[in-house]
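Subject: Structure handover

Hi,

Here is the structure we talked about. Please open it alongside this note. My findings follow below.

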Amino acid sequence: MDLGNNEMFLSNDMLHEKQGHNSLIEDNIITSINNSRRGSLVTQDSEFELDDALLTGSDLDYDYEDELDDMIVLPITNAKRKQINEGGVPNLEYECLTTKDIFNRMLERVNHLQPIFSLPLEDIIILMQHYDWNEERLLEKWTDKMDDLLTEIGLIHENGNLTVNERGVALKEDFECGICCEVKSVEVFSLECGHEYCIECYRRYIQGRLHSGNIITCMGCSVALKNEDIDEIMGYESSNKLMYSSIKSFVSKHHRNYKWCPYTDCKCIIHLDDTSSLSEYSRLHYSPFVKCNALHRFCFSCGFEIHAPADCDITNAWIKKARKESENLNWVLSNTKECPKCSVNIEKDGGCNHMVCSSCKYEFCWICEGEWAPHGKSFYQCTLYKNEDGKYNKSSSQEANKLMKKYTFYYRMFNEHEVSAKLDWKLGQTVGIKVKSLQEKIGVSWIEGQFLAESLRTLNEGRTALKWSFAVAFYSDPSHNLTKIFVDNQALLSKAVEDLSELLQIKDPELIMRRKPDFYNKAGYVQNRTNALMECGRDLLCKGICKLTD
Amino acid sequence: MSSLCLQRLQEERKKWRKDHPFGFFAKPTKKQDGSLNLQRWEAGIPGKEGTLWHEGVYPLTIEYPDEYPSKPPKVKLPAGFYHPNVYPSGTICLSILNEDQDWRPAITLKQICLGIQDLLDSPNPNSPAQEPAWRAFSKNKAEYEKKIALQAKQYSK
């Protein structure tokens, strides 16, 4: 939205003049969270930035993540460059990828590795897959114990004999398959190990494993099936499915640098190479919002939709609270624990406290939720047991009741805006039609009609900010003056959003064109109010007026 | 039940009746109407000669899921069975019975039974499944052996 229109609006709107105490906040527009403008901010002091990049290198990252830097070559030449914007936090340099992009990069790496290994590409893919696409770990092991590694992964048959039996499909008469136990004339598949099974059994077997992302082996032993074998059995390019599921598990294992776009059916993955500045964001109560190629904006830290003015902690607490109140999820809370690493809910269905997260493969102790490794040989010695029972019973029932009422009020507000946002979304579907009719009926160019889509985007952002502001309000000290200012700001944004929403209901194309300045004004106002509310909320967080209480 | 699962289980039964290791038994259970339930078996595993386990024959239940043989059967000893790799519920922790580890569709009932017989006398201290037996096994061998001998008597023929 063009900010140049603000002046025009300032003289028009009475409300703004009345609320003198907001004007300071209003001027302070948060550009840090507006990543869409990233490209337009030109670096001013390149020397300083270079130093900065050196100082805040990824020293804190784990080794495998350092490895990632090498593995995935960024196409953006200035990717390492950092900028300090007005908000005081470094701009995030990220890119939006799909599983296909990542897979192609993996293939590039495999091609690079080929001269080192002097193995067929197919074999290197298996090796990389086994090591979660981590080249460094693979090379380390490779120089150490090459033959053991090949046997372990199933590239060499245990007897060390590679060429006794031929790999592939053959037609056999009166063959008895050891899996389905049928005797028939059928195509039979076998690897070097010589275990022969009918192709139908192999198909069923592979079908069930393509989505696991793990290496698929012979049905009778540990010799690995290569992609070409899978394609031979399952049909052309079937192995891609396995590769993509392997990439998926790669993404969830490297969730510090890679995040799926949380929007339904969106296939985008955001890759943030250098995560060192994220702590700076949380320290200043900003949230690192990113935008995927489908224009969905979400928070890179918590993977949730854009939630300003609330920060990630407030958002998390709010969502958990909302869930806790829901009867359905009581069971989940009492019977599951979150994986300490990737936050997937895990139900314990066996006796052993050695848990392995099925999503990110993190190994941890059920009792203390700490890493498993130090527990190793001293099973059940975990002394870190924390009794959480009774934690929620501390407050008396009366107090709980009061709290419940307060929560219900804020939740209803939150929910109302969520519902409205959904309705706005539906409204958005008609905007496209409107733009089209503008073009057809009054000959407005496509670019000229874009103000409608922009207004809608602004409306959505305002709505979302408003929604999350109720989470902030819930955790804020109601007696503090700043909280009162915050509530005033909520009211102002609320009004602005409703006005803009009303404007967007207009259907007559000519009237829309005539009121184009109104669209600019109202949308500009919504944006200003949104920014003001966000900044005010951040102020509450920074000053500790809004904080989580146990 | 899928036809593949059923077909394979019938074959497993045929093979077992033709040839099975000495001292072992395995048979499908019966449904209420008296017909065979091929997805649920009962079996007995004798302890190996020359070990503390040899006196006993240890009862197993084997449950085959519909996805068998893509997925492994679930094999259980009686609840509370004393062994470092047996969960309190009786479920056995063995790599060939784990889909994500060493289960292969070609593994037969005979291999499973022999695998469990092996496990009895050579537990794997690195994947403990219950506390008492694991603790005794790694810290107090004398007590462990006493308990094993006692358990063998309890399950003797």
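Which residue takes a positive phi in the hairpin of β2(A) and β3(A)? It is Cys181(A), with a phi near 65 degrees. Six residues lie between the two strands there. Please bear in mind that this is a predicted model.

The hairpins

Strand β2 of chain A covers residues 168-176, and strand β3 of chain A covers residues 183-190. They run antiparallel, joined by seven bridges. One pairing to look up is Glu176(A), whose bridge partner in β3(A) is Val183(A).

β3(A) also pairs with strand β4 of chain A, residues 196-198. Three bridges join them, again antiparallel. Val188(A) stands opposite Cys198(A) in β4(A). This hairpin has five residues between its strands. In its turn, Gly194(A) has a positive phi of about 85 degrees.

The three-stranded sheet

Next, an open sheet in chain A. Its three strands come in the order β1-β6-β5, with antiparallel pairing. The edge strands are β1 (94-97) and β5 (258-260) of chain A, each pairing on one side only. From one strand to the next, the twist averages 25 degrees.

β5(A) is joined by three bridges to β6 of chain A, residues 269-272. Within that pair, Tyr258(A) sits opposite His271(A). Helix α6 of chain A (residues 99-117) packs on the sheet and touches β1, β5 and β6 of chain A. The helix direction makes about 100 degrees with that of β1(A).

Salt bridges

Over all chains, the structure holds 26 salt bridges. One of them joins the side chains of Arg105(A) and Glu95(A), at 3.1 Å from N to O. Arg105(A) lies in helix α6 of chain A and Glu95(A) in strand β1 of chain A, so this pair ties together parts that are ten residues apart in sequence.

Where chains A and B meet

How many residues does each chain bring to the contact? Chain A brings 23 residues and chain B brings 19 residues. Together the two chains bury about 1800 Å² between them. Of that area, 53% is on carbon and sulfur atoms.

The rule finds one salt bridge across the interface of chain A and chain B. Arg209(A) and Glu99(B) meet through their side chains in a salt bridge, 3.9 Å from N to O. Eight residue pairs are in polar contact between chain A and chain B, both residues at pLDDT 80 or more. The side of chain A that touches chain B has eleven nonpolar, seven polar and five charged residues.

Best wishes

Definitions and conventions
Residues numbered from 1 in each chain as written. Chains lettered and ligands numbered in written order. Predicted model: local features only at pLDDT ≥ 70, side-chain atom pairs only at ≥ 80, totals over all residues. Heavy atoms only, no water. Pairing = 2+ DSSP bridges. Helix = DSSP H or I, 4+ residues; strand = E, 2+ residues; numbered from the N terminus. Axes fitted to C-alpha atoms, helices over the stretch in contact; angles between N-to-C directions. Contact = heavy atoms within 4.5 Å. Buried area = accessible area lost by both parts, 1.4 Å probe. Salt bridge = Lys/Arg side-chain N within 4 Å of Asp/Glu carboxyl O. Polar contact = N/O pair within 3.5 Å; in protein donor to acceptor, adjacent residues only side chain to side chain. Nonpolar A, V, L, I, M, F, W, Y, C, P; charged D, E, K, R; others polar.
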